[in-house]
Amino acid sequence: MKIVDHDPDTGTTQSYAGLIERIEILRSTLHWATSLQRPDIEKLFRQAGALRDEVMQLSHRERFVKAAAAEPTRTERSRRDRRQGLIERSFIFEGTFGENPRLLESLEIAEKAAPTGLPVLIDGESGTGKELMAKVIHANGDRADRPFVSVNCGAIPENLLESELFGHRKGSFTGASGDRKGKFEAAHTGTIFLDEIGELPLAGQVKLLRVLEAHEIQRVGSDEPIAVDARVVAATNRDLRKLSQEGRFREDLFYRLSVIHVTLPPLRERKDEIPLLFEFFCDEAAEALKRRPIEMSPPLRRFLLGYSYPGNIRELRNIIYRLSCLAGRMADLEHLPADIRPTPPVRDAIAAPAGEAHAAGPAALGEAKRAASDQAEREFLERALLEVGGVVTELARRYDLNRSHVQTLLKKHGIRSKDCRNGNTPHH
Ligand SMILES: Nc1ncnc2c1ncn2[C@@H]1O[C@H](COP(=O)(O)OP(=O)(O)O)[C@@H](O)[C@H]1O
Ligand SMILES: [Mg+2]
């Protein structure tokens with residue numbers, strides 16, 4: 001996280017973007033100078049020295065911020081405490097679920113950033129909740145009751161981009177049949193969410209940069225400047241730093257947008273959230289579809305707990321809605337979309353008609369029995385673990401089993417007791 005703030009001693013604004021601007025000024029002074037006298041050299045030397053000092057200060061501060069983030073008291077605080085802390089400080093979650101430490105960290109940054117009005121850049125894969133996070137930032141700031149205007153920079157044809165963002169005057173181009181307000185004007189006093197900012201063409205980037213610097217826009221076909229005060233939150237699933245190194249994204253714009261930088265981790269790196277999200281979306285889908293929440297068969301639950309979700313939370317949500325639509329009371333593997341549905345070998349062994357995959361006879365019967373027994377064992381363990389919230393000792397006590405035997409069985413079936421924790425109870 002980088003925060004621009006005012007240094008009361010020197011009265012200068014410290015930020016990488018600010019520094020780069022001043023280095024550019026220095027460079028162009030040198031570029032256009034035809035001859036330099038000693039006093040000019042002294043002056044440039046002093047300016048370069050001041051810049052070096054500021055870079056060092058920024059780097060010290062960054063190290064300080066990192067060290068503070070690594071403080072044991074903070075990382076060791078339990079998830080519950082951190083989430084509870086946010087609740088007690090009246091934080092608005094806007095429906096954001098989960099208490100994975102990395103998500104909590106993002107929420108805590110959002111909490112601090114929200115009231116400042118500073119630009120925020122959110123990055124993360126598609127479906128990780130970037131737009132939701134932008135809404136969280138808006139909702140927790142003092143612009144919460146002002147407009148939140150969302151623009152998908154990747155979805156607007158290049159020739160309409162300027163008019164879409166800044167509006168146009170009647171007749172300024174073919175098809176401009178009347179005066180029209182752009183998104184920036186619509187977001188005046190509120191927040192503008194620039195989604196997929198990495199897709200913005202270079203020409204658009206230059207114009208955006210100018211607006212961010214001057215806080216005013218001009219409608220296409222008009223030279224009258226209009227003051228706009230819109231808080232900017234941008235999102236991308238690209239690596240903007242890399243794009244800017246490749247010359248495809250302006251570095252100065254990157255620094256302007258990323259004063260505060262929030263990265264949302266992909267779902268596969270916060271799998272501990274999955275059971276909670278199941279519950280949330282099962283209930284949500286039930287309400288939307290006016291039905292009772294589905295239950296998941298143990299094999300389905302096990303599959304979904306282990307699945308990698310390339311489409312992240314959006315994909316998980318879509319899967320749950322699909323299951324809720326297609327399944328009766330109990331959803332099973334067969335209700336999954338065909339492209340991710342596993343072919344369960346155990347089922348095949350049981351269901352395989354004689355003479356097909358397996359030869360008929362005593363061997364096939366024995367195998368089918370063993371498979372059925374294995375499956376029953378696994379389903380029992382999964383159900384029982386869910387009942388006891390993943391506590392193996394309690395499972396052993398309740399069913400009068402030896403604890404180490406239970407451990408052996410769990411290992412045999414590759415079941416991890418901690419997958420059944422966190423209130424991951426089946427629905428009724
Ligand atoms: N932590 C979360 N808790 C609950 N719902 C979430 C969470 N993160 C994302 N979602 C939901 O997942 C879907 C995709 O989120 P979105 O913000 O559109 O992702 P992105 O903009 O990164 O593609 C939305 O329906 C959103 O409400
Ligand atoms: Mg999105």
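## Around ligand 1

A residue counts as near a molecule if its C-beta atom, placed from the backbone, lies within 6 Å of it. In this predicted model, 15 residues sit around ligand 1, and the nearest are Phe97, Gly129, Lys130, Glu131 and Leu132. Two elements, α6 (130–139) and α14 (312–326), each give two or more residues to that shell. Helices here are DSSP runs of H or I with at least four residues, strands are E runs of at least two, and both are numbered from the N terminus.

Sorted by class, the shell has eight polar, four charged and three nonpolar residues. Ala, Val, Leu, Ile, Met, Phe, Trp, Tyr, Cys and Pro count as nonpolar, Asp, Glu, Lys and Arg as charged, and the others, Gly among them, as polar. Domain 2 (78–265) and domain 3 (271–342) each supply at least three shell residues.

## The whole protein

Zooming out, the protein has 18 helices and 13 strands.

## A look at arginine 416

Arginine 416 is in the segment after α18 (403–413). It counts as partly exposed because it has 15 C-beta neighbours inside 10 Å. Glycine 390 is 26 residues away from arginine 416 in sequence, with 8.5 Å between their C-alpha atoms.

## Reading the numbers

Residues are numbered from 1 along each chain as written, while chains are lettered from A and ligands numbered from 1 in the order written. Local features need pLDDT of at least 70 and side-chain atom pairs 80 or more, but totals for chains, interfaces and linings use all residues.

Terms used:
Domain bounds come from an automatic or database domain assignment. A residue is buried if 20 or more other C-beta atoms lie within 10 Å of its own, exposed if 12 or fewer, and partly exposed in between; C-beta atoms are placed from the backbone.
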